[in-house]
Structure formats: C-alpha cells, structure tokens
Amino acid sequence: KEEKEKALAMTLIQRSDLESELTCSICLELFHRAVGLECGHSFCHFCISDYLLRKRECPNCRAAVLRDPINSVPLNNAVGRLVDKMTPAEKKGREEFLAIRHDAEKDLEARMKAAAQAAAPRPAMDPRLHDRGHGRHTPPPPAPATAAAAAAGAPPGGAVAPAPGPPELMDPAYVCLRDSIEMARRNGAAFLNVADKWAERDKAMFREGIRPYRNGPSRQLYCSTIGLVPYWIRSATEAELRQALNNLYLNSTGPVTHLRERLNQYL
C-alpha cells in the first residue's frame, strides 16, 4: 500500500510539472493552439496575437518579435495527451474554457482586421484631427447598472483614481473618460458591481464599453467604476472572484490563485 501511495504521489508530481511546462504564461491555462516566438517562448495563439497588437515583443523576455508566431505541433500534441488523461470534471472545465476562448478569438479576428485596415495608406489629413489617436471620438461612458441592481443598493463602484502625472501629459482619452464618470456620478448614476451577478445585457454592455481601452490608466479607471481594482482582487472571496470572471466572460474555473491572476491580467 505504501508503495502504491508513493507511486501515485510521483505521478501527481510529474503531471504537475508537465502542466507547468504546458501552461501559457499570459492566460495561465493549458496551451490552446500553441505557437512559438523566435526567442523560444511559447503561448496560446490567441494570447500572443492579442498581445502583439499592442507590443511587438515577447511578454516573457521582452525580445523583439520580428516574425509571426509559428505553430508548435509537439506542444499541441502534448496538451492533447494531457487532456485525454483528465477527469470528467476537468474535461468539462476545459470545454467551458475553449467555448469562451472561441468567442474571444472571433473578437480578435475583427480587431486584427481593423488594425490592418488602419495601417493601410490613406490620404493626408490635418494631424490635429488625430490627437494621439483619440481626438476624433468621445470614449463611451461606463456601463450603468440595471434598475434592479440600483434598487438593491449596489455601490457606484470603486473611487475614481486620481489622474496620473501632470495634466499637460495626460492622455486625452483618460481625461474624457474621467470627466464622463464624474458627471455620471454627480447625476446620481449607479454603476455595476463586479461581485454581483450581471444580466447578459449588462455583460455585453460592459464588454462593449471597455473595448476602446486596451491597457493603461484609462482601462484601470474604467474598471474602477465596477469596483475591479487590485485591492479588491487580493481580498475578494472565491465566490466573488468566480462571479467577477463570469461577468467579464472569462474562465472562472481553477484554483483561487489562477482566478486572481486572470483578473489582474484583465485589469
């Protein structure tokens, strides 16, 4: 019996080591359509494609990315063998993750197409119209709560963070978003709370609202309206974390450490 327990423990350790080698450092899930960069690091095709829209460098070592990621057949085969050995519950969790990832991949394709169109040559225009990419549109205001959420006493999200840096260096999108939030609060608007259960229309509304803010202070400010801030991520209960991930169309399975990591990545 003791020998069997030792063998089982060794098997679990080996599996844990294998999962670590086959885990994407961006989404912290087993690779899905693994690809490799010229520096040698590997990621999910979706994760690195989304990242490279913002920075043409490896997220791990910061080496410049000069060519498109290459499909990794060995890694994908290894993930397939590992999935085959999963328990039914683990396989169900994997299927749910892939369903969410499929929707995200469709959204990424649309964004990549838009980015390619934006990079195409176009007639010269007055540069003042393109004030750092934000001068021609007004960022959408944060998603308001439903009447039911407001009646239930949902707080108006976290406190609005102070603007980073001197005003003259401020991103115009940040200023516009900050002002719209302050105006909404003065008018008595209630905001969604990330720990509450959202209706599908609220999920879709927030997803569309945050879409223009890919990263940086503007995205963090937008997330603060629903209470999604670093302190909350660190202190929230497991149930609250899973609900938040569900509200944001993110994978809500796995250990608590993974849940916090996903929300930090989103933020």
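**Exercise 1. In this predicted model, find the handedness with which α10 passes α11, then describe their packing.**

Solution. Step 1: α10 passes α11 in a crossing that is left-handed. The residues that make this contact come from both helices: Glu238, Leu241, Arg242, Ala244 and Leu245 belong to α10, while Val256, Leu259, Arg260, Arg262 and Leu263 belong to α11.

Step 1: Sort these residues by class. The contact of α10 with α11 has six nonpolar, no polar and four charged residues.

Step 2: Turn to the geometry. Helix α10 covers residues 238–247 and helix α11 covers residues 256–266; their axes come within 10 Å and cross at roughly 45°. An angle under 35 degrees would count as roughly parallel, and one from 65 to 115 as roughly perpendicular.

**Exercise 2. At what angle do helix α6 and α8 pack, and which residues meet?**

Solution. Step 1: Helix α6 is formed by residues 172–186, and it packs with α8 at an angle of about 15°, the axes being 9 Å apart. Because of this angle, α6 is roughly parallel to α8.

Step 1: The crossing of α6 and α8 is left-handed.

Step 2: List the residues. From α6 come Ala173, Tyr174, Leu177, Arg178 and Ile181; they meet Pro217, Ser218, Leu221 and Tyr222 in α8. By class, the contact of α6 with α8 holds seven nonpolar, one polar and one charged residues.

**Exercise 3. Are α7 and α8 roughly parallel or antiparallel to each other?**

Solution. Step 1: Read the angle. The axes of helix α7 (residues 200–210) and helix α8 (residues 216–224) cross at roughly 155° and come within 11 Å.

Step 1: Apply the cut-off. Angles over 145 degrees count as roughly antiparallel, and α7 and α8 are therefore roughly antiparallel to each other. Their crossing is right-handed.

Step 2: Name the residues. Phe206, Gly209 and Ile210 of α7 meet Arg219, Tyr222 and Cys223 of α8. The contact of α7 with α8 has four nonpolar, one polar and one charged residues.

**Exercise 4. How many aromatic pairs does a search of the whole structure find, and which residues form a cluster?**

Solution. Step 1: The search of the whole structure gives three aromatic pairs.

Step 1: One aromatic cluster is formed by Trp198, Phe206, Tyr213 and Tyr222. Phe206 is also among the α7 residues that meet α8, and Tyr222 is among the α8 residues they meet.

Step 2: Look for charges over rings. Arg219 lies over the face of Tyr266, 4.4 Å from the ring centre. The charged end of Arg207 sits over the ring of Tyr249, at 4.9 Å from its centre.

**Exercise 5. Where is the place of Glu57, and with which residues is it in contact?**

Solution. Step 1: Glu57 is in the loop between α2 (45–52) and β3 (70–71).

Step 1: Leave aside the neighbours within four places in sequence. Glu57 is then in contact with Tyr51, Leu52, Arg62, Ala63, Ala64 and Val65.

Step 2: Compare sequence with space. Glu57 and Leu37 are 20 residues apart in sequence, and their C-alpha atoms are 9.4 Å apart.

Key
Residues are numbered from 1 along each chain as its sequence is written. This is a predicted model: local features need pLDDT of at least 70, side-chain atom pairs count only at pLDDT 80 or more; totals for chains, interfaces and linings use all residues. Side-chain values use heavy atoms; hydrogens and water are left out. Axes are lines fitted to C-alpha atoms, for helices over the stretch in contact, and angles run from 0 to 180 degrees between N-to-C directions. Helices (H or I, at least four residues) and strands (E, at least two) are DSSP runs, numbered from the N terminus. A crossing is left-handed if the near helix is turned anticlockwise from the far one by less than a right angle, and right-handed if clockwise. Contact means heavy atoms within 4.5 Å. Ala, Val, Leu, Ile, Met, Phe, Trp, Tyr, Cys and Pro count as nonpolar, Asp, Glu, Lys and Arg as charged, and the others, Gly among them, as polar. Rings of Phe, Tyr and Trp (its six-membered ring) pair if their centres lie within 6.5 Å; planes under 30 degrees apart count as stacked, over 60 as edge-to-face and the rest as tilted. A charge sits over a ring if NZ of Lys or CZ of Arg is within 6 Å of the ring centre and within 35 degrees of the ring normal.
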